[in-house]
Number of protein chains: 2
Amino acid sequence: MEPIAWVGDRVRILDQTLLPHQERHLELRDHRQVAEAIRALRVRGAPLIGIAAAYGLALAALHAPTKDMDAFLAFLEDAAEELRATRPTAVNLSWAVKRLLGKARACTTPHEAQLVVVAEAQALHHQQTEDDLGLARQGALLLPEGAAVLTHCNTGALATGGYGTALGIVKAAWEMGRISHVYLTETRPLLQGARLTAWELTRHGIPCTLVVDGAVGLLLARGLAQAVVVGADRIARSGDVANKIGTYVLAVLAKEHGVPFIVAAPTSTIDLSCPQGAAIPIEERSPEEVRTVMGLPVAPPGVEALNPAFDITPAHLVTAIVTERGVAYPPYGESLPALMSLPEVSHG
Amino acid sequence: MEPIAWVGDRVRILDQTLLPHQERHLELRDHRQVAEAIRALRVRGAPLIGIAAAYGLALAALHAPTKDMDAFLAFLEDAAEELRATRPTAVNLSWAVKRLLGKARACTTPHEAQLVVVAEAQALHHQQTEDDLGLARQGALLLPEGAAVLTHCNTGALATGGYGTALGIVKAAWEMGRISHVYLTETRPLLQGARLTAWELTRHGIPCTLVVDGAVGLLLARGLAQAVVVGADRIARSGDVANKIGTYVLAVLAKEHGVPFIVAAPTSTIDLSCPQGAAIPIEERSPEEVRTVMGLPVAPPGVEALNPAFDITPAHLVTAIVTERGVAYPPYGESLPALMSLPEVSHG
């Protein structure tokens, strides 16, 4: 079930487009194959695509010309550009790429840089797993005792390569005996809730109920869930949150029903250079994803469709933002920069 | 494209479960086949299932024993019970059945009652078509000039057997040159928006854009739609509205963005005997409809799912209720009974 692994000179991924019906692994040999896997959502989830991009750059380092540092770095930067262009919204991707490029540039020989880039990609992956656990434990304590929790999309191990963000909180809270039930939305168009979150929760034996995205209003109106927990693809300095399409709907309804709306994300998802939500680019994906369901046509062929992959939840609807370094509360314009100025969590 | 027709001693329906990919008609010979068609959503839409139930009862009248009036009425009442039990939320169904039973009981011989019941079912169908047109023209005038309109589920000709309710308004407004564009939700689990509304709008050449249900927040936040228009399956005396799951989500978001939220329904959908939304029974359908899409499994098999077919929109979120007899505004506790006490619209 490990969604990504570095295996010598390749990256092995679990092809998430085939879940839950098929568990097929793919071995990616170069950064082009990694870029394709990110574009096609074989690996998805903001933290995981950060790790995938890092491994993609590690593969590029292994294939780069090693005659001199300039040629090496030029190759690496081209690869970085291709990886960065795959998906615009999740900032973890460009964060990881930038971090690895910085490490490479600090090296004096291509061979040294190869070792450093591969090691740093692995370190990022390892750090994600550790960070997820810290985030999950802190977030679990924010949930009302005995609550049923509503979540959206997939933010579990499949989304981070570690323990998960929002779903990590859910899992930790379940293990602590703090929550009683999980409601999950199917999350059209690509059904990450129905396909991936249902699969993860079932494997963990956590009692859960799947609903269509339109049922979230009735669910909260009936008082069935006492907290909403979601992930994020990018968080602006203001605390505005870009996350999977449908998240903003949940946030408005949570406010309408007085239910806490909690966002869980590693600090690599926070983009202090982005002042507010309106500045976050929203990826528009193919209308074909809306006209079809897992390849099956549902709408009349050719009917126009709009397919924004994310929406923006304004900061005033967000009760708390949980990261591996701690929990931020409003006003986020102050709490997020304070959190980011803390030293990185060290894991010995 | 006629969704229902009386053809001598049978009812011909368009099997809506096969749209938009296949236009197949079925000929139903008795009320049991009509009940099956309603349960399986081959005919659906609150007004249309009222007409279907009326035709079902007409078929029952043709097959009832005609030796004496008691046996005839007993057979008819059994059939009425079976038809009423098919779907609990839409009140048009029991309204139509009650109306036909009343006509039958007023007759003196079974043969007279057969003629009267068949004629009354046809009259109901004819009246629906006329009423739809009146409703549509009144509703169209409520839309902001030049607006793009957001609608949910299917409320067109396929839902009423006439011109449509909410989609009737949209069509009339388009013909009047009052609106510029239509956004429609796919409406999971059964995709009546993607399958049926997209099909109707495309046939009418009305420019439209399909979105997933979760995209309604972003759509309103971007200011893409200036009015929301939906149908209803039952309206309580208070003005609370039962309609397709997801409607309440739209209503909360419309309020959040200051966009009018208009409900369109014939007066046969208004249930003055029902004091408020909490008293409206909500049909729970099979979880399999959530775990699958048009028969294709999407979630892990056996994962628990909740499948309420409708939700309740509280009256305070409803800008206006458009009927064939006129438009009701808040407070609905006064305006709806006043509307219902008006004489039925006569069509000469």
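Modeller: Start with the largest pocket, whose volume is about 420 Å³. A pocket here is an open set of points on a 1 Å grid over the protein atoms alone, where a 1.4 Å probe fits and protein lies on both sides within 12 Å along at least five of seven lines; lining residues have an atom within 4 Å of a point. The volume is the space filled by probe spheres set on points joined across faces, edges and corners. There are 25 lining residues, and B:W95, B:T267, B:S268, B:I270 and B:M340 are the ones closest to the centre of this pocket.

Some ground rules: this is a predicted model, local features need pLDDT of at least 70, side-chain atom pairs count only at pLDDT 80 or more, totals for chains, interfaces and linings use all residues, and side-chain values use heavy atoms, leaving out hydrogens and water. Residues are numbered from 1 along each chain as its sequence is written, with chains lettered from A and ligands numbered from 1 in the order in which they are written.

(Helices, H or I of at least four residues, and strands, E of at least two, are DSSP runs numbered from the N terminus.) The biggest contributor is α4(B), with seven residues. (Ala, Val, Leu, Ile, Met, Phe, Trp, Tyr, Cys and Pro count as nonpolar, Asp, Glu, Lys and Arg as charged, and the others, Gly among them, as polar.)

Now hop over to chain A. The second largest pocket holds about 350 Å³ of space. It has 20 lining residues, and nearest its centre you'll find A:W95, A:T267, A:S268, A:I270 and A:M340. On this side, α4 (91-105), α5 (110-140) and β11 (270-271) of chain A each give at least two residues to the lining. Again it's an α4 that supplies the largest share: α4(A) gives five residues. Sorted by class, this lining has seven nonpolar, six polar and seven charged residues.

How do those helices sit against one another? Two packed helices are described by the angle between their axes and the distance between the axes. For α4(A) and α5(A), the angle is about 145° and the axes are 9 Å apart. (Axes are lines fitted to C-alpha atoms, for helices over the stretch in contact, and angles run from 0 to 180 degrees between N-to-C directions.) Their crossing is right-handed. (That's the near helix turned clockwise from the far one by less than a right angle; anticlockwise is left-handed.) On the α4(A) side, the touching residues are A:W95, A:A96, A:R99, A:L100, A:K103 and A:A104, and they meet A:A113, A:V116, A:V117, A:E120, A:A121, A:L124 and A:Q127 of α5(A). (Contact means heavy atoms within 4.5 Å.) That contact counts nine nonpolar, one polar and three charged residues.

From α2(A) come A:P47, A:I51, A:A54, A:Y55, A:L57, A:A58, A:A61 and A:L62, facing A:Q114, A:V117, A:V118, A:A121, A:Q122, A:L124, A:H125 and A:Q128 of α5(A). The tally is 12 nonpolar, four polar and no charged residues.

One more partner for α2 (46-63) of chain A is α1 (31-39) of that chain, at about 165° with axes 8 Å apart. That angle makes α1(A) roughly antiparallel to α2(A). Here A:H31, A:V34 and A:I38 of α1(A) touch A:I49, A:A52, A:A53, A:G56, A:L59 and A:A60 of α2(A). By class, you get seven nonpolar, two polar and no charged residues.

Conventions: Angles under 35 degrees count as roughly parallel, over 145 as roughly antiparallel, 65 to 115 as roughly perpendicular and the rest as oblique.
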